[in-house]
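Look over the sequence and the structure shown below before reading on. The text then goes through the parts one at a time.

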Amino acid sequence: MYNVAIVGATGAVGEEFLRVLEEYDFPIKKLVPLASARSVGKEVEFRGESLKVKELTCDVFKEEEIDIAFFSAGGSVSAKFAPCAVEAGAVVIDNTSHFRMDPDVPLVVPEVNPDDIALWNKKGIIANPNCSTIQMVISLAPLHREFNIKRVDVATYQAVSGAGKKGMEELFEQMRAIFNFKLDKKVEEREVFQYQIALNVIPHIDKFMDGGWSREELKMVNETNKIMHSKIKVAATCVRVPVLRSHSEAISIYCEKPVNVERAREVLANFQDVKVIDNPEKNEYPMPIIATDTDYVYVGRIRKDLYDDNVLHFFNVADQLRVGAATNAVRIGLKWIE
Ligand code: HSE
């Protein structure tokens with residue numbers, strides 16, 4: 001049994017951590033919810049009990065004898081406090097981007113590269129990939145084994161939960177304002193997104209880097225290849241859409257071998273945590289309302305390219321807060337204690 005800390009326990013991902021740890025029956029002796037000073041004293045629910053949130057300090061990990069610390073409070077918090085947790089003897093499972101590309105830190109999707117946990121863990125920190133990367137590599141891995149992928153083009157449709165609780169609240173507020181007889185007006189109040197997100201799509205997530213690529217898009221390029229130990233060429237267009245908590249992705253793969261739709265369905269359906277929903281005759285395909293609150297990556301709309309035998313197109317959907325964050329991290333934790 002382990003003493004477990006949740007850093008960022010009052011955020012959208014932190015709250016999901018509590019639910020997933022409970023559902024997966026994680027062997028917990030003591031759970032310590034941690035957050036910044038302004039959230040101290042708030043209560044969170046775990047296994048039918050109310051637990052008071054404690055202040056995140058460097059010493060708290062030693063004081064509470066923490067064995068495993070799940071971090072989900074932003075990169076700067078991980079940079080400052082993850083070393084304290086490691087120093088106190090805990091393993092850190094970090095949901096931020098801070099350590100992801102560090103060569104001594106494994107970046108893990110347990111369905112794809114579980115062995116990296118033991119091979120690369122030189123710092124006592126295991127990184128959880130970006131949500132859009134996790135659901136993409138879970139669907140790419142079986143197809144890569146079968147057809148040897150050389151290049152991926154992906155367009156994402158990312159839910160507001162990716163921007164945290166405040167992003168979700170901003171969508172609700174704007175929807176309320178719009179339905180409150182302001183349908184013809186622009187919603188001016190916004191804090192999280194660059195533009196109104198209700199009734200809109202925004203082709204911009206995170207900051208722009210060199211060449212017009214966004215940081216979110218470059219995460220998909222770099223993280224995919226670190227996880228898959230590959231040199232797949234990835235081009236991503238990441239888009240924010242007014243969906244609450246499931247990300248969708250339209251993906252095209254360019255392979256070394258000719259592709260086959262039936263075989264693609266088969267290898268995907270046999271892969272852990274993938275569910276294929278793909279029946280055009282019955283209008284059956286994945287959608288956020290199907291994936292939300294589940295731990296599967298749903299794949300459908302699988303079709304061969306009209307011109308090139310080596311190219312396959314498909315669509316996937318997964319719950320960003322679970323598959324893309326808390327569930328993946330908890331599964332890393334379960335592998336680590338195995
Ligand atoms: N960066 C992602 C998003 C969140 O903004 O949707 C991934 O955890």
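Keep in mind that the model is predicted. Begin with the open sheet, which is formed by six strands. Going across the sheet, the order is S5-S2-S1-S6-S7-S8, and the pairing is parallel. At the edges are strand S5 (54-55) and strand S8 (125-127), each of which pairs on one side only.

To find the place in the model, look for Val4, which stands opposite Ile68 in S6.

Another pair to look at is strand S3 (residues 43-46) with strand S4 (residues 49-52). Four bridges join these two strands as well, but S3 and S4 run antiparallel. Here Glu45 stands opposite Ser50 in S4. S3 and S4 make a hairpin with two residues between the strands, and in this hairpin Arg47 takes a positive phi near 50°.

Now turn to the ligand. Where does the ligand sit? The ligand is found in the largest pocket. Around the ligand are Asn130, Cys131, Gln158, Gly162, Ile205, Glu216, Arg240, His247 and Gln320. Sorted by kind, the residues of this shell are two nonpolar, five polar and two charged.

Some of these residues place polar side-chain atoms by the ligand. In Asn130, a polar side-chain atom lies 3.2 Å from a nitrogen atom of the ligand. For Glu216, the distance from a polar side-chain atom to a nitrogen atom of the ligand is 2.8 Å. Gln320 has an N or O atom in its side chain that is 3.3 Å from an oxygen atom of the ligand. How much of the ligand does the protein bury? Taken alone, the ligand exposes 260 Å², and the protein buries 87% of that.

Conventions. Residues are numbered from 1 along each chain as its sequence is written. This is a predicted model: local features need pLDDT of at least 70, side-chain atom pairs count only at pLDDT 80 or more; totals for chains, interfaces and linings use all residues. Side-chain values use heavy atoms; hydrogens and water are left out. A residue is near a molecule or strand if one of its heavy atoms lies within 4 Å of it. A polar contact is a pair of N or O atoms within 3.5 Å; within protein, one must be able to donate a hydrogen and the other to accept it, and residues adjacent in sequence count only if both atoms are side-chain atoms. Accessible areas come from the Shrake-Rupley method with a 1.4 Å probe; for residues, only the protein chains shown count as cover. On a 1 Å grid over the protein atoms alone, a cavity is a set of points where a 1.4 Å probe fits but cannot get out, and a pocket is an open set with protein on both sides within 12 Å along at least five of seven lines; lining residues have an atom within 4 Å of a point. A molecule sits in a cavity or pocket if more than half of its atoms lie within 2 Å of its grid points. Ala, Val, Leu, Ile, Met, Phe, Trp, Tyr, Cys and Pro count as nonpolar, Asp, Glu, Lys and Arg as charged, and the others, Gly among them, as polar. Two strands pair if DSSP finds at least two bridges between them.
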